[in-house]
Amino acid sequence: TKLAYGRGVWAVLGGVDGVTTHLAEQMVVKARLPQVAFGNTDASVHLTNVPWTFSLPATDDVTAPLLARVIVERSGSTGRWAALTATDHDSHTTWSEVERALAALGARSPALHVESAPGDPRLATIAADLRRSGAALILIVAPARPAGRLVDELRKGGFAGVLVGGAPFGRRPFVEPARASAEGALFPLL
């Protein structure tokens, strides 16, 4: 707040994720400054009724129905799909919205659902388990860098099916570890 009142700051750039955006939100409420959140997809940031908070990417409640529809349409004739969801705040929020959207479509549950902390050292084992699930499609709901590493591990291990993810798939920290393995990965770009 010293910057807001003492230095004449005009706006606050929100965080790269929901957690840091929520922290910045506490400041903008007190200082009455606009906030632009360039990485947040958590719709709950807007539930505080702060009219001067703006999220650049679409929120999870908007993108989840798109992801759910892709899962249903692209999971092959068997309808088998698998999911890896990270345990961080943003991944949990995204997964909750995707589950709700899948239920609304009457979709099948994943053949395998793995929960993992971002940066889990068992990445190769998790990728092997996902490949062995027989899924035609794998949904990855994780922060950008761990998601990129998993995509690379899946492709190197021979997974040729559909890879789907949320907003983190569209970020540079995803592409850096995924490299050429990111080619063809699907994510909502709204």
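Where does Gly-76 lie? In this predicted model, Gly-76 is found in the loop between H3 and S4, where helices (H or I, at least four residues) and strands (E, at least two) are DSSP runs numbered from the N terminus. Residues are numbered from 1 along each chain as its sequence is written, and side-chain values use heavy atoms, with hydrogens and water left out. Because the model is predicted, local features need pLDDT of at least 70 and side-chain atom pairs count only at pLDDT 80 or more, while totals for chains, interfaces and linings use all residues.

- Gly-76 is partly exposed, since its relative accessible area is 43%, and the terms here are buried for under 20% relative accessible area, exposed for over 50% and partly exposed in between (1.4 Å probe, protein chains only).
- Thr-59 has its place in the loop between S3 and H3, and Thr-59 counts as buried because its relative accessibility is 14%.
- When residues up to four places away in sequence are not counted, Thr-59 touches Thr-41, Asp-42, Ala-43 and His-46, where contact means heavy atoms within 4.5 Å.

- Strands of a sheet pair through backbone hydrogen bonds, either parallel or antiparallel.
- S1 and S2 (residues 35-37) pair in the parallel sense over two bridges, and the bridge partner of Leu-13 in S2 is Val-36.

**The four-stranded sheet**

- Another open sheet is formed by four strands in the order S5-S4-S6-S7, again with parallel pairing.
- Its edge strands, each pairing on one side only, are S5 (112-116) and S7 (162-165), and the twist averages 15 degrees from one strand to the next.
- S4 and S5 run parallel and are joined by five bridges, with Leu-112 in S5 as the bridge partner of Ala-82.
- Helix H5 packs on this sheet and touches S4, S5 and S6 (137-141), its direction making about 165 degrees with that of S5.
- S4 also pairs with S6 in the parallel sense over five bridges, and here Ala-82 stands opposite Ile-138.

**Strand S4 and Ala-83**

- S4 is mostly covered, as six of its six residues are buried.
- Both faces of S4 are covered, with Trp-81, Ala-83 and Thr-85 buried on one side and Ala-82, Leu-84 and Ala-86 buried on the other.
- Ala-83 lies in strand S4 and counts as buried because its relative accessibility is 0%, while its bridge partner in S5 is His-113.
- Leaving aside neighbours within four places in sequence, Ala-83 is in contact with several residues, among them Trp-95, Pro-110, Val-114 and Leu-139.

**Pockets**- The largest pocket has a volume of about 480 Å³, and of the 27 residues that line this pocket, the closest to its centre are Gly-39, Thr-41, Ala-167, Pro-168 and Arg-171.
- A pocket is defined on a 1 Å grid over the protein atoms alone, as an open set of points where a 1.4 Å probe fits, with protein on both sides within 12 Å along at least five of seven lines, and lining residues have an atom within 4 Å of a point.
- Grid points are joined across faces, edges and corners, and a volume is the space filled by probe spheres set on the points.
- Helices H3 (60-74) and H4 (89-105) each supply at least two residues of the lining of the largest pocket, and the largest share, three residues, comes from H4.
- By class, the lining of the largest pocket has 15 nonpolar, seven polar and five charged residues, where Ala, Val, Leu, Ile, Met, Phe, Trp, Tyr, Cys and Pro count as nonpolar, Asp, Glu, Lys and Arg as charged, and the others, Gly among them, as polar.
- The second largest pocket has a volume of about 150 Å³, and H6 gives the most to its lining, with four residues.

Definitions and conventions:
Pairing = 2+ DSSP bridges. Axes fitted to C-alpha atoms, helices over the stretch in contact; angles between N-to-C directions.
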